[in-house]
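Subject: Structure handover and notes

Hello,

Please find the structure below. My notes on it follow directly after.

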2 protein chains.
Amino acid sequence: VRAHLGEALELGIPSLSHRSAAYEEIYRDTATALGELLGVPGSFRVFFVGSASEAMERIIQNGVDRTCLHLVGGAFAARFHDTAMALGKEARRLEVAPGRGFDLDRVAVPDDTELLCITQNETSTGVEVPMSDIGRLRATAPPETLIVLDVVSSVPVVDIDFASVDGILFSVQKGLGLPAGLGIMAVNERMLRRAAAVEARGHYTGGLHSFASLRARQERWQNPATPNVLFIWLLGRVCRDMLARGVATLRLETREKAGALYDFFSGTRGFAPFVRDVRIRSRTVVTADCERPAGELIDALAREGLVVAPGYGERRSTQIRVANFPAHTPEDVTRLTGTLARCGGQ
Amino acid sequence: VRAHLGEALELGIPSLSHRSAAYEEIYRDTATALGELLGVPGSFRVFFVGSASEAMERIIQNGVDRTCLHLVGGAFAARFHDTAMALGKEARRLEVAPGRGFDLDRVAVPDDTELLCITQNETSTGVEVPMSDIGRLRATAPPETLIVLDVVSSVPVVDIDFASVDGILFSVQKGLGLPAGLGIMAVNERMLRRAAAVEARGHYTGGLHSFASLRARQERWQNPATPNVLFIWLLGRVCRDMLARGVATLRLETREKAGALYDFFSGTRGFAPFVRDVRIRSRTVVTADCERPAGELIDALAREGLVVAPGYGERRSTQIRVANFPAHTPEDVTRLTGTLARCGGQ
């Protein structure tokens, strides 16, 4: 990102007009590179907004006339649900305790559910919803139910089954390694038709950032409002870098690093993986219970130049959360586990 | 901006957590520097959102229960009005032809007007609403009417009379010279009380970006959603640079450059200032009618490395619009007028 930012300055990207042909080329190129990286089918459209939080808001505004259902296992899924509640939707909530998975055999999606919102990788707990489970939900949910995934902290590692979803949302400051300041949605034609129907029923769907408005401009690789041209350009570069490295390689390495982290936490006194069920352990957010106060561990790691997060909310002092993104090397993981091994049990 | 971006990379700003104490210091420092630059009273709060378009949306959502009035003299004021219409408000519109000013003696703000929206500097036409006129509106408008100014293309040049307004909105890619990707609002306590009242009446006020939510976090120099940390940091640096240069100097120089541009367009065959009334000519967006097709002039300037915009919409081929921001030097203006003098009349 550092080198690309320098290049962006050379090229004058920060002062490029977003109404120029050069910008249209950037939008097209970034959407194409992102599509390749994530396997987005051509039938999906990529929209840029201000943040993942805005993306949640726009998805509810455009995807729901009356009712939606949220699978909630942590703070970020709760935020998605809160957004729908604030927007006056009948937002139902299927909740499990933090660290636990959803019992899909007991999930019956009500017939009138317009939108099913799934936080595919819950950053606050380190629980992942496996893509095969989302396929099962698709198969058993009512045919009119659309499915959207929050993949904020799992792109580009998660291999999304786009046949099972109608939209995804994410931001760029997690696994993609950019600075914060850009939200992204990819939605299919069913979602766009839903948006048209919701708008036809008189709902406010986001003004300039309604799906209809975003779509109309996207046809010409344009945006209704001034976009973050610099970050869109940077994102394209980062996607190309990752494509050059190879998506399969990147995902394999992430899985291996995650394996090393979980093995360490399972096998080291003073630690235990928070998520007991191996099947739903996140590859990108590895959460561990710790005997020593988390703050002390975090400080000890910081002295080695290593940054990990505390547990979320009430688990702040009893857990650490380790980000395992493509930017983190196997050596980073070795240094992390080495440091924790030295100071974890004290 | 270039040097500051390099420094940001040195300091690790792009990867700084927005929940860190270091970020809180950045928010506080940027809000303070911006406050000094624009003369924002301590009773106003500075909020960061994704764009000026989002700021318009949030201001209508939080500032209006039922009715607002928009002074519309061009496309950007029309966008503000459209936003209010889309949000289902009874959005009235007092319209004048492009290039003309509002006849304040004939503006009677209806008693039930909750919010008066004024595009203080209309980027599509180069018409400015003088601050003294806004003071007159404040004096004659009903006491319960709040006033907000869109100052997207006039900060930091315009000397805002904060006693006459309850809120301002702008973005950073015009006069402040940053890359696009950050919207800013400054609102006073009256506006926050209005937001609370609107929310109490059951309106959706923006979820995480409602004034109540933004305010609750701002108390601790925090944001409800992940902000664009890098651009907020950059903005602080740019404001400090401008403060070091001196606000009065910067405004005087802008006025002098604007004077030179208007004098040129008045005195050169083939050109005429679009805005006839000297009193309402924008200092930062200088618009001229031209005899030669605007596209030819723009191309001729581009060959000299000079960038100007065509007229807006239907005036695209008959006008040019010259940005006159603090980043433009008197030498830039001389080069521009010199080039236009050579090729303008052909």
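Contact, as used in these notes, means heavy atoms within 4.5 Å. With that in hand, Ile134(B) can be described: neighbours within four places in sequence aside, Ile134(B) is in contact with Ile118(B), Gln120(B), Val129(B), Leu149(B), Ser164(B) and Val165(B).

Conventions before the rest. This is a predicted model, in which local features need pLDDT of at least 70 and side-chain atom pairs count only at pLDDT 80 or more, while totals for chains, interfaces and linings use all residues. Residues are numbered from 1 along each chain as its sequence is written, chains are lettered from A and ligands numbered from 1 in the order in which they are written, and side-chain values use heavy atoms, with hydrogens and water left out.

The two chains

Chain A is superposed on chain B by a rotation of 180° with 0.0 Å of shift along the axis, at an RMSD of 0.0 Å. That is the relation of a two-fold axis. The superposition is by least squares on the C-alpha atoms of residues with pLDDT of at least 70 in both copies. Within chain A, the residue that comes closest to the rotation axis is Gly50(A), with its C-alpha at 2.4 Å. Of the interface residues of chain A, 100% are also interface residues in chain B, so the copies meet through the same surface.

Chain A as a whole

Chain A contains 11 helices and 13 strands. Both are DSSP runs numbered from the N terminus: helices are H or I with at least four residues, strands are E with at least two. The C-alpha trace spans about 60 × 55 × 30 Å along the principal axes of chain A. For 346 residues, a compact globule would have a radius of gyration near 20 Å, and the 20 Å of chain A agrees with this. The radius is taken over C-alpha atoms, and the globule rule is 2.2 Å times the number of residues to the power 0.38.

Buried residues account for 61% of the 346 residues in chain A. Here buried means under 20% relative accessible area, exposed means over 50%, and partly exposed is in between (1.4 Å probe, protein chains only). The accessible surface of chain A is about 13,300 Å², and carbon and sulfur atoms hold 51% of that. These areas come from the Shrake-Rupley method with a 1.4 Å probe; for residues, only the protein chains shown count as cover. If one takes the contacts in chain A between residues at least 6 apart in sequence, 70% join residues at least 24 apart.

On charge, chain A carries 40 positive and 41 negative side chains, and the centres of the two sets are 1 Å apart. Lys and Arg count as positive and Asp and Glu as negative, with His and the chain ends not counted. Each charge is placed at NZ of Lys, CZ of Arg, CG of Asp or CD of Glu.

Most residues other than glycine have a negative phi, and most peptide bonds are trans. Val155(A) and Pro156(A) are joined by a cis peptide bond, with omega about -5°. Pro156(A) sits in the loop between strand E7 (146-150) and strand E8 (167-171) of chain A. In chain B, a cis peptide bond joins Val155(B) and Pro156(B), again with omega about -5°.

Trp221(A) is not a glycine, yet has a positive phi near 55°. Trp221(A) is in the loop between helix H7 (211-218) and helix H8 (229-245) of chain A, and is partly exposed at a relative accessible area of 25%. Trp221(B) also has a positive phi, of about 55°, and is partly exposed at 26%.

Individual residues

Val158(B) is in the loop between E7 and E8 of chain B and is buried, at 3% relative accessibility. Leaving out residues up to four places away in sequence, Val158(B) touches Gln120(B), Met131(B), Val151(B), Arg251(B) and Arg283(B).

Asp29(A), in helix H2 (residues 21-38) of chain A, is partly exposed, with a relative accessible area of 29%. Asp29(A) and Pro143(A) are 34 Å apart, C-alpha to C-alpha, and 114 residues apart in sequence.

Regards
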